[in-house]
Every structure is written in C-alpha cells, then in structure tokens.
Amino acid sequence: MSTLLRSRAAGRTSDVVMIKPLSLAALVTLALSGCVAPVGPVEVTRFVAPNPAGLTRGTIAVEPAPGMVADSLEWRTYAAAVGRQLTLLGYGEQAAGSGSQIALVKLQRQTYRPERNRGPVSVGVGGSAGSYGSGVGLGIGFDLSGPPADAVETELAVTIKDRASGQSLWEGRAAFTVTAKSPLAGSQLGAAKMSEALFKGFPGRSGETIQVK
C-alpha cells in the first residue's frame with residue numbers, strides 16, 4: 001500500500017509517494033523467490049534410421065537397456081514417463097518381452113560440486129594522474145556467496161528397435177543439469193520434463209542437436 005501526498009510550494013504542485021516498508025516476512029519471501037534454482041534447457045540429439053518402417057505404429061514394450069536395473073525406483077520412474085510419451089505418439093504399450101518393437105531405456109545421473117570461477121578474495125589496484133596530483137588506490141573485494149550448490153546431471157537415452165530383426169529404428173539422448181535444490185532434480189518431475197523434450201517433434205532430424213526449454 002502507498003500513500004499519495006500532495007504538497008504545494010512556490011505555486012507548484014508536486015506528488016510525493018510514500019512507500020510503506022516491507023515486512024520481514026515479505027522480504028524473506030522475495031529473497032526465496034529470487035533464489036529458485038534456474039532450469040536450463042534440455043539438450044536433445046536424435047538419430048533416425050533410413051526409411052524406418054513402423055515408427056509410431058504397432059505395439060512396443062519399454063525395457064531396460066543393457067546394464068540397467070529394472071527394479072530401481074529411478075529407472076521405473078523414467079521408463080513410465082517414456083511409456084506415456086510413446087502412447088501419445090500412437091504406440092500401444094505392452095508388457096516387457098512382448099510387442100513388435102522395443103524401447104530400451106538407459107538412465108545416468110550424477111551429483112557433483114561445480115568449481116568456483118574465482119577466488120573468495122579479489123584485489124584490485126587503481127591509479128590516477130593529473131595536474132592536481134596522482135595517487136594509487138588498493139581495493140579488496142570479498143565474495144560472501146559461499147561455495148556453489150551441488151549440481152545434478154541427468155542423461156536419458158532411448159533406443160527403439162524392431163523386435164524380430166533387432167534393427168535400430170530410432171535413437172535419442174536427452175541431457176540437462178540443475179542444482180540439487182531444484183524440484184527437477186527429483187526423479188518424478190525430471191522424468192516428465194526429459195521424456196517430453198526427448199520426443200518433442202518425433203522422430204526429429206537425424207543427427208541434429210536441439211535445445212528444448
């Protein structure tokens with residue numbers, strides 16, 4: 001709320017706006033809203049086989065790629081998100097081991113601490129000269145922001161194969177990095193975002209890398 005005061009002086013009218021100071025709770029809310037972890041775009045690369053017969057048609061089963069553990073909660077979360085996207089594309093999802101095509105899902109996630117770009121203390125030297133004298137100034141700056149937050153890097157890879165022949169019809173990789181505090185660092189939201197980005201504009205142009213926000 002603001003109060004508008006009008007004052008008259010020397011025959012002129014001026015408007016003075018009085019701003020009510022924000023409460024401590026409001027300041028904390030604004031600070032937290034400004035600290036929401038930024039979400040970078042998802043980097044997506046697709047490869048499409050020449051004349052891939054049967055893409056988006058028929059039945060498909062989502063199965064773990066070699067080296068993946070199908071019983072892990074993370075893999076099952078991402079596999080379910082991939083299955084939803086395939087259904088939206090027109091596939092009929094089937095149980096593992098059945099279906100005319102296979103979607104092999106591979107997931108890699110790692111958490112790391114980004115390196116600081118600069119040291120916590122910086123020193124600057126400035127000089128000036130002129131007809132009224134010369135001088136040299138020394139400035140010291142302290143970075144009080146603390147160490148950078150942990151980052152979570154996730155890569156989702158899907159390969160669609162014809163079950164009978166084993167031919168790869170389509171391959172796609174999606175990767176993005178967010179801070180560990182971001183809601184998208186969790187499997188539930190991250191799986192939905194990455195799967196949607198991976199199949200956006202399916203099948204895509206072979207060999208092209210795009211950024212999906």
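1. Gln101 is buried, with a relative accessible area of 4%. Buried means under 20% relative accessible area, exposed over 50%, and partly exposed in between, using a 1.4 Å probe and protein chains only. Gln101 sits in strand β6. Helices (H or I, at least four residues) and strands (E, at least two) are DSSP runs, numbered from the N terminus.

2. On the source: this is a predicted model, where local features need pLDDT of at least 70, side-chain atom pairs count only at pLDDT 80 or more, and totals for chains, interfaces and linings use all residues. Residues are numbered from 1 along each chain as its sequence is written, and side-chain values use heavy atoms, with hydrogens and water left out.

3. What does the side chain of Gln101 join through a polar contact of 2.8 Å? The partner is the side chain of Tyr91. A polar contact is a pair of N or O atoms within 3.5 Å; within protein, one must be able to donate a hydrogen and the other to accept it, and residues adjacent in sequence count only if both atoms are side-chain atoms. Leaving aside residues up to four places away in sequence, Gln101 also touches several others, including Leu55, Thr59, Ile160 and Leu169. Contact here means heavy atoms within 4.5 Å.

4. Gly166 lies in the loop between β9 and β10. Its relative accessible area is 39%, so Gly166 is partly exposed. The hairpin of β9 and β10 has five residues between the strands, and Gly166 takes a positive phi near 80° there. The C-alpha atoms of Gly166 and Gln101 are 8.9 Å apart, although 65 residues separate the two along the chain.

5. β9 pairs with β10 in the antiparallel sense over 11 bridges. Val152 has Val178 in β10 as its bridge partner. β9 also pairs with β6, again antiparallel, over 12 bridges. There, Lys106 is bridged to Ala157 of β9. Strands count as paired if DSSP finds at least two bridges between them.

6. The largest nonpolar core has 31 residues, of which Leu86, Val158, Ile160 and Trp170 touch the most other members. Such a core is a set of buried Ala, Val, Leu, Ile, Met, Phe, Trp, Tyr and Cys residues joined through side-chain atoms within 4.5 Å. Elements giving two or more residues include β3 (42-48), β6 (101-112), β9 (151-162) and β10 (168-179). Which element gives the most? It is α2, with six residues.

7. α2 has 17 residues and reaches 25 Å from its first C-alpha to its last, close to the 24 Å expected. The expected span is 1.5 Å times one less than the number of residues. Buried residues of α2 include Trp75, Tyr78, Val82 and Leu86. Just after α2, Gly90 takes a positive phi of about 120°.

8. Three aromatic pairs are counted. Rings of Phe, Tyr and Trp (its six-membered ring) pair if their centres lie within 6.5 Å; planes under 30 degrees apart are stacked, over 60 edge-to-face, and the rest tilted. The rings of Trp170 and Phe202 have centres 5.0 Å apart and planes at 55°, so this pair is tilted. Trp170 lies in β10 and Phe202 in the loop between α3 and β11 (209-212), so the pair ties together parts 32 residues apart in sequence. Both Trp170 and Phe202 are buried.

9. Phe199 and Phe202 are also tilted, because their ring centres are 5.8 Å apart and their planes at 45°. Ring pairs link Trp170, Phe199 and Phe202 into a cluster.
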